[in-house]
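Me: I would like a close look at one part of this protein, followed by a walk through the rest. Please keep the wording plain.

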Amino acid sequence: MQSVALKVGDLAKQTGVSVRTLHYYDEIGLLSPSHRTEAGYRLYDREDIIRLQQIVSLRQIGFSLEEIRECLEQHSFSFDHIIQLHTARLREQIELSQKLLNRLDAIAQAVGSMQTVSVEAVIQTIEAMNMLERYYTPEQLKSLRQRQESLGEERIQQVQADWQDLFDQVQVEMAKGTDLTAEPVKALARRSIELIQAFTGGDPGVEQALNRMWQQEQPEVVSRGMVDAAMMEYLARARSALEQSE
């Protein structure tokens, strides 16, 4: 890799990591740019970009940001080791993706002649279920389906709107730099716990599976674009701060 000095916007554009996430990594000291322009703009050099690649790899494997920090602080935890871990994880994902592709091909052929059926909607449903099947047991999935049926479509749409409203408010507090112990953030943390309990029905096994899914999958994928890694980490830290204060 040649000598580089990328501004935060350029780095975000080239890597697909959002500017907000890069700012957040800088804020918590996980990835701070090595240089700044005279005007104060962040500049990322070769070593910074390598560190970002390590962070992204470990996130995709399922590590939390705190676990990533601990790994990167260990000299024995080499760049090669991270690549090997990520490679193994990608092989698993390729195998799962191939299974999903086979399912989608079969569905596409089955509904190809049904003009009233949205193939895209069917595909999205199967894709979502395929992801869920990697984390929930058949019994848990059955329980979730029954819970969904009992709630009804109107209530489900309201819950989705509640989540979107929550994420919008979290984004505002993040932009303001609100302390995690401040009451507005505590209120958002409490609301997120209520929404999680509403989804899990108070089942600890379902909640553990939900947490694993959020840790191991890209937040943008799980939430269908509503939230990114920086926001999820902020909300997780807010819940942790709430638990410690109460």
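Is the crossing of α1 and α2 left-handed or right-handed?

Reply: The model is a predicted one. In it, the crossing of α1 and α2 is right-handed. On the side of α1, the contact is made by Val8, Gly9, Leu11 and Ala12. On the side of α2, the residues are Val19, Leu22 and His23. Sorted by class, this contact holds 5 nonpolar and 2 polar residues, and no charged ones.

Two packed helices are described by the angle between their axes and the distance between the axes. Helix α1 covers residues 8–15 and helix α2 covers residues 19–27. Their axes come within 9 Å and cross at roughly 120°. An angle from 65 to 115 degrees would count as roughly perpendicular, and one over 145 as roughly antiparallel. The pair α1 and α2 is therefore described as oblique.

The setting of this pair comes next. The chain has 12 helices and 3 strands. Of its 246 residues, 36% count as buried. Among contacts with a separation of 6 or more, 62% are between residues 24 or more positions apart.

The strands form an open sheet in the order β1-β3-β2, with antiparallel pairing. At the edges are β1 (6–7) and β2 (35–36), each of which pairs on one side only.

Another helix to follow is α12, which spans residues 229–245. Glu233 has its place in α12. Its relative accessible area is 14%, and the cut-off for buried is under 20%, so Glu233 counts as buried. Leaving aside neighbours within four places in sequence, Glu233 is in contact with Tyr24, Arg59, Leu65 and Glu66. One of these, Tyr24, falls within the residue range 19–27 of helix α2.

Ala236 is also in α12. With a relative accessible area of 34%, Ala236 is partly exposed. Ala236 and Ala189 are 47 residues apart along the chain, and their C-alpha atoms are separated by 8.1 Å.

Ala189 also takes part in a contact between two helices, α9 and α12. Helix α9 runs over residues 183–200, and its axis comes within 9 Å of the axis of α12. The two axes cross at roughly 100°, which makes α9 roughly perpendicular to α12. From α9, the contact involves Val185, Lys186, Leu188, Ala189, Arg190, Ser192, Ile193 and Ile196. These meet Tyr234, Leu235, Ala238, Arg239, Leu242 and Ser245 in α12. By class, the contact of α9 with α12 has 9 nonpolar, 2 polar and 3 charged residues.

Asn211 and Tyr135 are 76 residues apart along the chain, while their C-alpha atoms are separated by 9.4 Å.

To return to the part you asked about, α1 and α2 make a right-handed crossing at roughly 120°.

Methods. Residues numbered from 1 in each chain as written. Predicted model: local features only at pLDDT ≥ 70, side-chain atom pairs only at ≥ 80, totals over all residues. Heavy atoms only, no water. Axes fitted to C-alpha atoms, helices over the stretch in contact; angles between N-to-C directions. Helix = DSSP H or I, 4+ residues; strand = E, 2+ residues; numbered from the N terminus. Parallel < 35°, antiparallel > 145°, perpendicular 65-115°, else oblique. Left-handed = near helix turned anticlockwise from the far one by under 90°. Contact = heavy atoms within 4.5 Å. Nonpolar A, V, L, I, M, F, W, Y, C, P; charged D, E, K, R; others polar. Buried < 20%, exposed > 50% of the residue type's maximum accessible area, 1.4 Å probe, protein only. Pairing = 2+ DSSP bridges.
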